[in-house]
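Colleague: I am new to this structure and would like to learn how to read it. Could we go through it feature by feature?

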Amino acid sequence: MTGHRGTQVTSLADRAPSAEGNAFLAALHTEHRVHLLRFTRGLLPTDPHRAEDVVQECLFRAWRNSETLIEKRIPPRPWLFRVARNLVVDWARRDKARPVVFGDDDFDLLPGDTDFADEVLERCVVEEGLAQLTPIQREALDEVYRLDRTRQRAAASIGVPVGTVKSRVHHATIAMTEVLAGSGVTAAGW
């Protein structure tokens, strides 16, 4: 496999562990695992299983980088603790960035009478309608409705007279009404 700048890259599956790397890992495990686990449990007091995962990942990364750690005589304990802390932070950020997944029964627990399927369908119909407008009509609607600007501010932003914005919004509204009516959405529904 070729990596960045044409250098040869081998995957972990292609790389056989060296005897020195295995001995290094065994020594790390014996000497630092308990301390590293105590440290990660302090960072993750409510999730002991994840703390174990962090320790395993730290030891795996140490094994993977054993040649560098040995050659450069990098003290393993601070390196392991830094990797553990970074993993905890990275995993916390990843978890926060993930959307919440709901099962079929969970929608009843959400507040309000909102039917999300209807909302998605309505958005699709509106997007389809907007796509059928001219670019200048979309721009006028965007300025006035999405950005919630007065017609005077919209005109200044677009660089046209106020009357032109009023006309574009009027014609765009008529066009959207026709498009939405063709999709079964009446003016009373929006």
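This is a predicted model: local features need pLDDT of at least 70, side-chain atom pairs count only at pLDDT 80 or more; totals for chains, interfaces and linings use all residues.

Colleague: Which residues of α6 and α7 meet?

Modeller: On the α6 side they are Glu139, Ala140, Glu143, Val144 and Tyr145, and on the α7 side Arg151, Ala154, Ser157 and Ile158. By class, the contact of α6 with α7 holds five nonpolar, one polar and three charged residues.

Colleague: How does α6 pack with α8?

Modeller: Helix α8 covers residues 162–182, and α6 packs with α8 at an angle of about 100 degrees, with the axes 8 Å apart. Because 100 degrees lies in the range 65 to 115, α6 is roughly perpendicular to α8. From α6, the contact takes in Ile136, Gln137, Glu139, Ala140, Leu141, Val144 and Tyr145, and from α8, Val165, Arg168, Val169, His171, Ala172, Thr173 and Met176. The contact of α6 with α8 has nine nonpolar, three polar and two charged residues.

Colleague: At what angle do the axes of α2 and α4 cross?

Modeller: Helix α2 (residues 48–64) and helix α4 (residues 76–97) cross at roughly 125 degrees, and their axes come within 9 Å. That angle makes α2 oblique to α4. The crossing of α2 past α4 is right-handed. Residues of α2 in the contact are Arg50, Asp53, Val54, Glu57, Cys58, Leu59, Arg61 and Ala62, and those of α4 are Trp79, Leu80, Val83, Ala84, Leu87, Val88, Trp91, Arg94 and Asp95. Sorted by class, the contact of α2 with α4 has 11 nonpolar, no polar and six charged residues.

Colleague: Is Cys58 buried or exposed?

Modeller: The test is the relative accessible area, and buried means under 20%. Cys58 has 0% relative accessibility, so Cys58 counts as buried. This residue lies in helix α2. Leaving aside neighbours within four places in sequence, Cys58 is in contact with Leu36, Trp79, Leu80, Val83, Ala84 and Leu87. Cys58 and Leu80 are 22 residues apart in sequence, and their C-alpha atoms are 6.0 Å apart in space.

Colleague: What does Cys124 count as, and how many disulfides are there?

Modeller: With a relative accessibility of 46%, Cys124 counts as partly exposed. A disulfide is a covalent bond between the sulfur atoms of two cysteines. The search of the whole structure finds zero disulfides.

Colleague: Which residues does Ala51 contact, beyond its neighbours within four places in sequence?

Modeller: Ala51 is in contact with Leu37, Thr40, Arg41 and Leu44, with those neighbours left aside. Ala51 is found in helix α2, and Ala51 is buried, at a relative accessible area of 0%. Between Ala51 and Leu37 there is a separation of 14 residues in sequence and 6.6 Å in space, C-alpha to C-alpha.

Colleague: Where is Ser66 found?

Modeller: Ser66 is found in helix α3 (residues 66–71). Its relative accessible area is 4%, so Ser66 is buried. Not counting residues up to four places away in sequence, Ser66 touches Gly21 and Phe24.

Colleague: How many helices and strands does the protein have in total?

Modeller: The protein has eight helices and zero strands. Read from the N terminus on, the elements run α-α-α-α-α-α-α-α. Of the 190 residues, 23% count as buried. Among contacts between residues at least 6 apart in sequence, 53% join residues at least 24 apart.

Methods: Residues are numbered from 1 along each chain as its sequence is written. Side-chain values use heavy atoms; hydrogens and water are left out. A disulfide is a pair of cysteine sulfur atoms within 2.5 Å. Buried means under 20% relative accessible area, exposed over 50%, partly exposed in between (1.4 Å probe, protein chains only). Axes are lines fitted to C-alpha atoms, for helices over the stretch in contact, and angles run from 0 to 180 degrees between N-to-C directions. Helices (H or I, at least four residues) and strands (E, at least two) are DSSP runs, numbered from the N terminus. Angles under 35 degrees count as roughly parallel, over 145 as roughly antiparallel, 65 to 115 as roughly perpendicular and the rest as oblique. A crossing is left-handed if the near helix is turned anticlockwise from the far one by less than a right angle, and right-handed if clockwise. Contact means heavy atoms within 4.5 Å. Ala, Val, Leu, Ile, Met, Phe, Trp, Tyr, Cys and Pro count as nonpolar, Asp, Glu, Lys and Arg as charged, and the others, Gly among them, as polar.
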